[in-house]
Amino acid sequence: MRLSEIDDTNRREHHHLTSDDVCFFMWEYVKSERFEQGNTRSLIENLKKKPSLRGTPQFKYKQPAIRKCAQMLSATLDKNWKGTFVPVPPSKAKGHPDYDDRMVQVCKLIGHAVDVREIVVQTQSCAANHESAGNRQTVDDLINIYEIDETLCSPEPSAICIIDDLLTAGTHYRAMHTVLKDRFPDCKIFGLFIARRKLPEVEFPDIDLEEFENIFGKGS
C-alpha cells in the first residue's frame with residue numbers, strides 16, 4: 001500500500017489546508033458508507049471508541065483497530081526516516097476518564113524504533129468535534145489550549161510528522177502546525193492521517209434548458 005497526498009483535486013474538502021501544506025493519508029472515510037467490519041468507516045469509528053466504554057462489548061474492537069493502523073503504517077513508511085511523530089492531542093485532557101492516547105499507541109506499535117513524543121498537550125478538555133453540533137472548536141480555540149511540553153523538546157526534532165486518525169476540515173492540523181512552527185521555526189513539518197473525510201458526491205438532476213428559461217428567463 002502507498003500513501004496518497006492531499007493535492008489540488010481534494011484540498012478544497014479540507015479548507016484549513018493551504019497549497020504549502022504537505023499531508024498524506026492512507027484511506028478515505030465516507031460517513032454515509034455502511035458500517036461493515038473491515039471497511040474504513042468501521043476502522044475509524046472503532047479507533048475512536050471512548051476509554052469509558054472499556055468492559056462493554058463494543059470496546060473489544062478498539063485495540064484491533066489500533067493494531068491494524070500500526071501494521072499498515074509500519075508496512076508503508078520509510079524505515080530510515082529519522083523524524084519525530086507528534087500525535088494530535090485528543091479532545092480530553094490528561095486525567096479525564098475519556099483521555100484517549102490511541103494515536104500514541106498506534107505510533108509506538110509501528111516498530112523500527114520510531115521517535116514519538118507528545119510535544120503538544122491540551123491543557124483543558126473540550127467536546128470532540130465529531131460529536132459537536134454546530135459548536136466546533138476553531139483553530140484559535142485550539143491554539144489557546146495547546147501547550148508545548150518543553151521536557152520533550154530535547155533533542156530538537158529534525159523533522160516533525162503531525163499524525164492523527166481522521167482529517168476533516170484540517171482545524172487540528174492547522175493549530176498543531178502553528179504552535180509547532182512557532183517553537184521549531186526551522187523544522188520541516190508535514191501531516192499524516194489514517195484517513196481523510198471524503199465528501200459524498202452530489203448528483204444534480206438533468207435540467208431541461210427550455211423549461212428553465214420559461215421559468216427564469218434567458219440570460220443576457
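In what order do the elements of the protein chain run from the N terminus on? Hello everyone, let's begin there: the order is β-β-α-α-β-α-β-β-α-β-β-α-β-α. That gives 6 helices and 8 strands in the protein chain. Helices here are DSSP runs of H or I with at least four residues, strands are runs of E with at least two, and both are numbered from the N terminus.

A quick word on what we are looking at. This is a predicted model, where local features need pLDDT of at least 70, side-chain atom pairs count only at pLDDT 80 or more, and totals for chains, interfaces and linings use all residues. Residues are numbered from 1 along each chain as its sequence is written, and side-chain values use heavy atoms, with hydrogens and water left out.

Now the overall picture. Of the 220 residues in the protein chain, 45% are buried. Buried means under 20% relative accessible area, exposed means over 50%, and partly exposed is in between, using a 1.4 Å probe and protein chains only. As for contacts, meaning heavy atoms within 4.5 Å, take those between residues at least 6 apart in sequence: 75% of them join residues at least 24 apart.

Let's move to the helices, starting with H1, residues 40-47. Because 6 of its 8 residues are buried, H1 is largely enclosed by the rest of the structure. Those buried residues are Thr-40, Ser-42, Leu-43, Ile-44, Asn-46 and Leu-47. They pack against S2, H2, H3, S7 and S8.

Which residues of H2 are buried? They are Lys-62, Ala-65, Ile-66, Cys-69, Ala-70, Leu-73, Ser-74 and Thr-76. A handy reminder when you look at such a list: an α-helix has 3.6 residues a turn, so residues three or four places apart point the same way. The cover over the buried residues of H2 includes strand S2 (23-29), H1, helix H3 (102-108), strand S7 (159-167) and strand S8 (188-197).

Between H1 and H2 there is a loop, and Lys-60 sits in it. Is Lys-60 buried or exposed? Lys-60 counts as exposed, because its relative accessibility is 56%. Its C-alpha is 8.8 Å from that of Asn-46, 14 residues away along the chain.

Next, please find Arg-196 in strand S8. With a relative accessibility of 3%, Arg-196 counts as buried. Its side chain makes a polar contact with the side chain of Glu-28 at 3.0 Å. A polar contact is a pair of N or O atoms within 3.5 Å; within protein, one must be able to donate a hydrogen and the other to accept it, and residues adjacent in sequence count only if both atoms are side-chain atoms. Leaving aside neighbours within four places in sequence, the contacts of Arg-196 include Ile-6, His-14, Trp-27 and Leu-166.

Leu-17 is another one to find, in the loop between strand S1 (4-5) and S2. At 8% relative accessibility, Leu-17 counts as buried. How far apart are the C-alpha atoms of Leu-17 and Gly-170? They are separated by 6.0 Å, although the two residues are 153 apart along the chain. Not counting residues up to four places away, Leu-17 also touches Tyr-173 and Arg-174, among others. Both Tyr-173 and Arg-174 are among the buried residues of H5. Helix H5 itself runs over residues 171-183 and reaches 19 Å, close to the 18 Å expected.

One detail of the backbone: the peptide bond from Ser-154 to Pro-155 is cis, with omega near 0°. You will find Pro-155 in the loop between strand S6 (146-148) and S7.

To finish, the lining of the second largest pocket. It divides into 10 nonpolar, 3 polar and 4 charged residues. In this count Ala, Val, Leu, Ile, Met, Phe, Trp, Tyr, Cys and Pro are nonpolar, Asp, Glu, Lys and Arg are charged, and the others, Gly among them, are polar. A pocket, on a 1 Å grid over the protein atoms alone, is an open set of points where a 1.4 Å probe fits, with protein on both sides within 12 Å along at least five of seven lines, and lining residues have an atom within 4 Å of a point. Leu-77, Asp-78, Lys-79, Trp-81 and Phe-85 lie nearest the centre of this pocket.

Technical notes
The expected span of a helix is 1.5 Å times one less than its number of residues.
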